[in-house]
Amino acid sequence: MAGDTGQDKGPGAPKVSAHPLARKPAGDPARVGGRGPGRPGGKGAGRPLPPGEQFFTPGATGLRRAVETRSATALVFLFQLPRWVVPVVMVVLMLTGVVVADWRGGLAVLPVLAFVLWLAYMSWPSLRPGARLLRVALVTFLALLTATRFGLF
């Protein structure tokens, strides 16, 4: 069933329905991922979603649930882009921020900082302590770089 997560945890375990964007359309396999010959934006099939149709942290409430719900659309959009787009854009912005030593460099680093913060927040529950430390170090570096470009240090 398209609404099930496909993960049976045993009898009596609650089933979490998949986010509407994660459901695979029934029928034409060429249209999985929202692209197909008849859809604008693509001639062939888009990249299929990864296995597991669950976008949410099990048992999440409050702010985490709200952020995950609002982020689902953006995550699906980013996943459907060609794999090289996001890394290339982030590297160009980061290099601009490192090379340009005034407020324009700070403006270039801000989207990178926001993206890294967003991804760190989204992945935090599944990270080990070492990976969490690396995320904190990267966010600290980007925040300090941005602050220096704006002349705060």
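**The chain end and its patch**

Modeller: Start at the end of the chain: Phe153 lies in the segment after α4. Bear in mind that this is a predicted model.

Biologist: Why does Phe153 count as exposed?

Modeller: The cut-off for exposed is over 50% relative accessible area. Phe153 has 70% relative accessibility, so it counts as exposed.

Biologist: Which residues does Phe153 touch, leaving out those up to four places away in sequence?

Modeller: Phe153 touches Leu144, Ala147 and Thr148. Contact here means heavy atoms within 4.5 Å.

Biologist: What makes Leu152 exposed?

Modeller: Leu152 also sits in the segment after α4. Its relative accessible area is 64%. The cut-off is over 50%, so Leu152 is exposed.

Biologist: Which residues make the nonpolar surface patch?

Modeller: Trp103, Leu107, Leu110, Leu144, Phe150, Leu152 and Phe153 make it, and the patch covers about 770 Å². Helix α3 gives the largest share, three residues.

Biologist: How do you know that the span of α2 is close to the expected one?

Modeller: Helix α2 covers residues 85-99, which is 15 residues. The expected span is 1.5 Å times one less than the number of residues. For α2 that gives 21 Å, and the helix reaches 21 Å from its first C-alpha to its last.

Biologist: Which residues of α2 are buried?

Modeller: Met90, Met94 and Gly97 are buried. They cover an arc of only 60 degrees around the axis, which puts them on the same side of α2.

Biologist: What do the buried residues of α2 pack against?

Modeller: They pack against α3 (103-123) and α4 (129-149).

Biologist: Which exposed residues does the face of α2 turned away from its buried side carry?

Modeller: That face carries Leu95 and Val99.

Biologist: How does the span of α4 compare with the expected one?

Modeller: Helix α4 has 21 residues. The span expected at 1.5 Å a residue is 30 Å, and α4 reaches 30 Å from its first C-alpha to its last.

Biologist: Which residues of α4 are buried, and what covers them?

Modeller: The buried residues are Val139, Leu142, Leu145, Thr146, Ala147 and Arg149. Their cover includes α2 and α3.

**Salt bridges**

Biologist: How many salt bridges does the structure hold?

Modeller: It holds two salt bridges. Side chains of opposite charge can pair when their charged atoms come close.

Biologist: Why is the pair of Glu68 and Arg64 called a salt bridge?

Modeller: The cut-off is a side-chain nitrogen within 4 Å of a carboxyl oxygen. For Glu68 and Arg64 the distance is 3.2 Å, N to O. That is within 4 Å, so the pair is a salt bridge. Both residues lie in helix α1 (residues 62-80), four residues apart, about one turn of the helix.

Biologist: Are Glu68 and Arg64 buried or exposed?

Modeller: The cut-off for buried is under 20%. Glu68 is at 2% relative accessibility, so it counts as buried. Arg64 is at 14%, so it counts as buried too.

Biologist: What makes Arg104 and Asp102 a salt bridge?

Modeller: Their closest N and O atoms are 2.7 Å apart. That is within 4 Å, so the pair is a salt bridge.

Biologist: Why are Arg104 and Asp102 called partly exposed?

Modeller: Partly exposed lies between the buried cut-off of under 20% and the exposed cut-off of over 50%. Arg104 is at 49% relative accessibility, so it counts as partly exposed. Asp102 is at 24%, so it counts as partly exposed as well.

Biologist: What makes Pro48 partly exposed?

Modeller: Pro48 lies in the segment before α1. Its relative accessible area is 48%, so it is partly exposed.

Biologist: Which elements does the protein have?

Modeller: It has four helices and zero strands. From the N terminus on, the order is α-α-α-α.

Biologist: What share of the 153 residues is buried?

Modeller: Buried residues make up 27%. The protein exposes about 10000 Å², with 69% supplied by carbon and sulfur atoms.

How values were computed. Residues numbered from 1 in each chain as written. Predicted model: local features only at pLDDT ≥ 70, side-chain atom pairs only at ≥ 80, totals over all residues. Heavy atoms only, no water. Helix = DSSP H or I, 4+ residues; strand = E, 2+ residues; numbered from the N terminus. Buried < 20%, exposed > 50% of the residue type's maximum accessible area, 1.4 Å probe, protein only. Arc of directions from axis to C-beta. Patch = residues over 30% accessible without salt bridge, like charges linked within 9 Å, V, L, I, M, F, W, Y side chains within 5 Å. Areas by Shrake-Rupley, 256 points an atom, 1.4 Å probe, with all protein chains shown as cover.
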